[in-house]
Amino acid sequence: MTSRLSRLAVALVATAGATLAVTVANPAPASAAMTICYNTSQAGSFAGTANQAASIWNNATVNLTLSANCGSNLRIYQITGGGSYAVRTSLGNGRVYIDTQQAAQYSPLRIMTHEIGHILGLPDNYNGNCSLLMSGGSAGTSCTNPYPSSAEASRVSNLFAGTRIATERSTDRAGSEIFRDSWPSTLTPVG
């Protein structure tokens, strides 16, 4: 009986040790950051601005990390004319278009950070308050604030709590949301 108990105790200790080793080797953090891979290959002169905007979001939020050119959850494009806008195909996935003409009127970094905010789940807020990133162009051309408010950053952090992001952006266009007209033109029409 004693040898049987000894063998049982040895088996329990071995099992506990093996389990502990697996637990130590493969810790499961309570809240792992999701990675959104953004691609700047079509961003032209706005590639550096995209990197700055990603850094702003990375510093303002928890539960997500924007990382350059590791995939294509988010593709960033430079365009001329038509206005800057974002197309969100799903949370953390989509496309951002930065208009060179608009970026000549408004802060390019504010535009970029704002449009990425749409991909991260934030809607427009046309209240004209410069301290709110998602007020977009309604705050006027003198507003250069590229930082989300604490409420905006908190909302994004909460949206990404426990979310798994696909490694590639969704190709299903049926569920896309398009965010346009947050940057009104201040140019007077010619003609």
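A residue counts as buried when its relative accessible area is under 20%. By that cut-off Cys143 is buried, with a relative accessible area of 2%. The model described here is predicted.

**Disulfides**

- The structure has 2 disulfides. With the bonded cysteines numbered in sequence order, the pairing is 1-2, 3-4.
- Cys37 and Cys70 are bonded, with 2.1 Å between their sulfur atoms. The torsion about this S-S bond is about -105°, so the disulfide is left-handed.
- Cys37 belongs to strand E1 and Cys70 to the loop between E2 and E3, so this pair ties together parts that are 33 residues apart in sequence.
- Cys37 counts as buried because its relative accessibility is 10%, whereas Cys70, at 43%, counts as partly exposed.
- The other link joins Cys130 to Cys143, at an S to S distance of 2.0 Å. With 85° about the S-S bond, the link of Cys130 and Cys143 is right-handed.
- Both Cys130 and Cys143 lie in the loop between H4 and H5, so the pair ties together parts that are 13 residues apart in sequence.
- Cys130 has a relative accessibility of 28% and therefore counts as partly exposed.

**Aromatic pairs**

- There are 2 aromatic pairs in the structure. In the pair of Tyr77 and Tyr97, the ring centres are 5.0 Å apart and the planes are at 15°, so the pair is stacked.
- Tyr77 is in strand E3 (residues 74-79) and Tyr97 in strand E5, so this pair ties together parts that are 20 residues apart in sequence.
- Tyr85 and Tyr97 are also a stacked pair, with 4.6 Å centre to centre and 20° between the planes. Tyr85 lies in strand E4 and Tyr97 in strand E5, so the pair ties together parts that are 12 residues apart in sequence.
- Tyr77, Tyr85 and Tyr97 form one aromatic cluster.
- Tyr97 counts as buried because its relative accessibility is 14%. Tyr85 is buried as well.

- Strand E4 (residues 85-90) is mostly covered, with 5 of its 6 residues buried.
- E4 and strand E5 (residues 93-99) run antiparallel and are joined by 5 bridges. Tyr85 stands opposite Tyr97 in this pairing.
- The hairpin has 2 residues between its strands, and Gly92 in the turn has a positive phi of about 85°.

**Helix H2**

- Helix H2 (residues 47-60) has 14 residues, which at 1.5 Å a residue should span 20 Å; its end C-alpha atoms are 20 Å apart, in agreement.
- Its buried residues are Ala47, Thr49, Ala50, Ala53, Ala54, Ile56 and Trp57.
- Among the elements that cover these buried residues are strand E1 (34-42), strand E2 (64-68), E3, helix H4 (108-119) and helix H5 (150-159).

**Largest nonpolar core**

- The largest nonpolar core contains 31 residues; Leu66, Leu74, Ile76, Val96, Met112, Ile116 and Leu120 have the most contacts inside it.
- At least two residues of this core come from each of E1, H2, E2, E3, E5 and H4. H2 supplies the largest share, 6 residues.
- Leaving aside residues up to four places away in sequence, Leu120 touches Ile36, Trp57, Leu64, Leu66, Leu91, Val156, Leu159 and Phe160.

Note on methods: Residues are numbered from 1 along each chain as its sequence is written. This is a predicted model: local features need pLDDT of at least 70, side-chain atom pairs count only at pLDDT 80 or more; totals for chains, interfaces and linings use all residues. Side-chain values use heavy atoms; hydrogens and water are left out. Buried means under 20% relative accessible area, exposed over 50%, partly exposed in between (1.4 Å probe, protein chains only). Helices (H or I, at least four residues) and strands (E, at least two) are DSSP runs, numbered from the N terminus. Two strands pair if DSSP finds at least two bridges between them. Rings of Phe, Tyr and Trp (its six-membered ring) pair if their centres lie within 6.5 Å; planes under 30 degrees apart count as stacked, over 60 as edge-to-face and the rest as tilted. The expected span of a helix is 1.5 Å times one less than its number of residues. Contact means heavy atoms within 4.5 Å. A nonpolar core is a set of buried Ala, Val, Leu, Ile, Met, Phe, Trp, Tyr and Cys residues joined through side-chain atoms within 4.5 Å. A disulfide is a pair of cysteine sulfur atoms within 2.5 Å.
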